[in-house]
Amino acid sequence: MSELSGKVSLVTGGSRGIGRAIALALAEAGSDVAVNYASAVAAADDVVKQITAMGRKAKAYKANVGNAEDVHGMIEQVTKDLGPVTVLVNNAGITRDRSFAKLTLEQWTEVIDVNLNGQAFVTHAVLPGMLNAGWGRIIFISSVVGQMGNFGQSNYAAAKAGLIALTKSLAREVARKNITVNAVAPGYIETDMTAAVPAEAIEAVKKSTPVGRLGKAEEVAHAVLFLASPKAAYVTGETVSVNGGMYMM
Ligand SMILES: NC(=O)c1ccc[n+]([C@@H]2O[C@H](COP(=O)([O-])OP(=O)(O)OC[C@H]3O[C@@H](n4cnc5c(N)ncnc54)[C@H](OP(=O)(O)O)[C@@H]3O)[C@@H](O)[C@H]2O)c1
């Protein structure tokens, strides 16, 4: 029941959607949780409230993961408040969709900064504490789009594929230190992010998904929880797809 008791987890983008479900699932499994957010303070506070009601410690941390200075400040504060992070879920992500020919440099850079550089910055800042603790779990939230590509999402696909390569490389570097590094690649999940997708496109997604529906944030959280658990000690460098069969590797 409490396989993560005594652990400190950090979930980036833990205020809404998939990150919120992950933060709550980790807390249910016994972990204290640092909830990172970019601007939705009320949503982050609500997650913290739910976690503290479970009897765990939790605190919200405003930081743009794409800004290395913000990230270092956040990790220093989390360590002071809750202790060193030993479960890191790199979930914060954004979209700026446009066909590649029309994509601006700013739209390219913004997505790479948050979805790829941001996840790397946070991991780099957390890693020394994990090495010191002699145990750790690092989980990157990638995407089916990073595996198969998608029209209008070249920036997002490049960032999400980059996370899979980062997962494999870092997994090799830290495996002997009791630190596993894995990715989860969700398909289309019901959150604010997909609420912005036109209805016809969602219908097309449902048609091309064998399960025939969008996924739920909690269904992604279950996979993350497994990878975060001590039971997953022999799983590393892996990408777990949670996509209703939309793309089979
Ligand atoms: N939904 C899907 O179908 C789907 C599929 C595959 C992969 N994913 C990935 O799953 C992750 C979560 O997606 P979601 O659908 O839950 O998205 P969402 O509902 O839009 O939530 C995004 C979360 O990321 C945070 N965030 C955004 N930019 C940030 C930044 N610069 N610094 C720190 N936090 C930031 C947001 O904080 P605020 O609340 O403060 O804005 C929010 O908590 C993303 O990496 C996404 O790419 C989603």
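Which polar side-chain atom lies 2.8 Å from a nitrogen atom of the ligand? That atom belongs to N64. Before I go on, this is a predicted model, in which local features need pLDDT of at least 70 and side-chain atom pairs count only at pLDDT 80 or more, while totals for chains, interfaces and linings use all residues. Residues are numbered from 1 along each chain as its sequence is written, and side-chain values use heavy atoms, with hydrogens and water left out.

Back to the ligand. A polar side-chain atom of K160 is 2.8 Å from a ligand oxygen, and a polar backbone atom of I18 is 2.8 Å from an oxygen atom of the ligand. By polar contact I mean a pair of N or O atoms within 3.5 Å; within protein, one must be able to donate a hydrogen and the other to accept it, and residues adjacent in sequence count only if both atoms are side-chain atoms. On its own the ligand has 900 Å² of accessible area, and the protein covers 94% of that. Areas are Shrake-Rupley with a 1.4 Å probe, and for residues only the protein chains shown count as cover.

Now the shell, where near means that a heavy atom of the residue lies within 4 Å. There are 31 residues around the ligand, and S15, S39, N91, Y156 and T191 come nearest. By class, 15 are nonpolar, 13 polar and 3 charged. Here Ala, Val, Leu, Ile, Met, Phe, Trp, Tyr, Cys and Pro count as nonpolar, Asp, Glu, Lys and Arg as charged, and the others, Gly among them, as polar. The largest share from an element is 3 residues, from α7. Helices (H or I, at least four residues) and strands (E, at least two) are DSSP runs, numbered from the N terminus.

Next, T12, in the loop between β1 (8–11) and α1. Is T12 buried or exposed? T12 counts as buried because its relative accessibility is 2%; the cut-offs are under 20% for buried, over 50% for exposed, and partly exposed in between, with a 1.4 Å probe and protein chains only. The T12 side chain reaches the backbone nitrogen of N91 at 2.8 Å.

Last, helix α4, residues 105–133, which holds W108. W108 is partly exposed, since its relative accessible area is 30%. T123 is also in helix α4. With a relative accessible area of 4%, T123 is buried, and a polar atom of its side chain lies 2.7 Å from the backbone oxygen of Q119.
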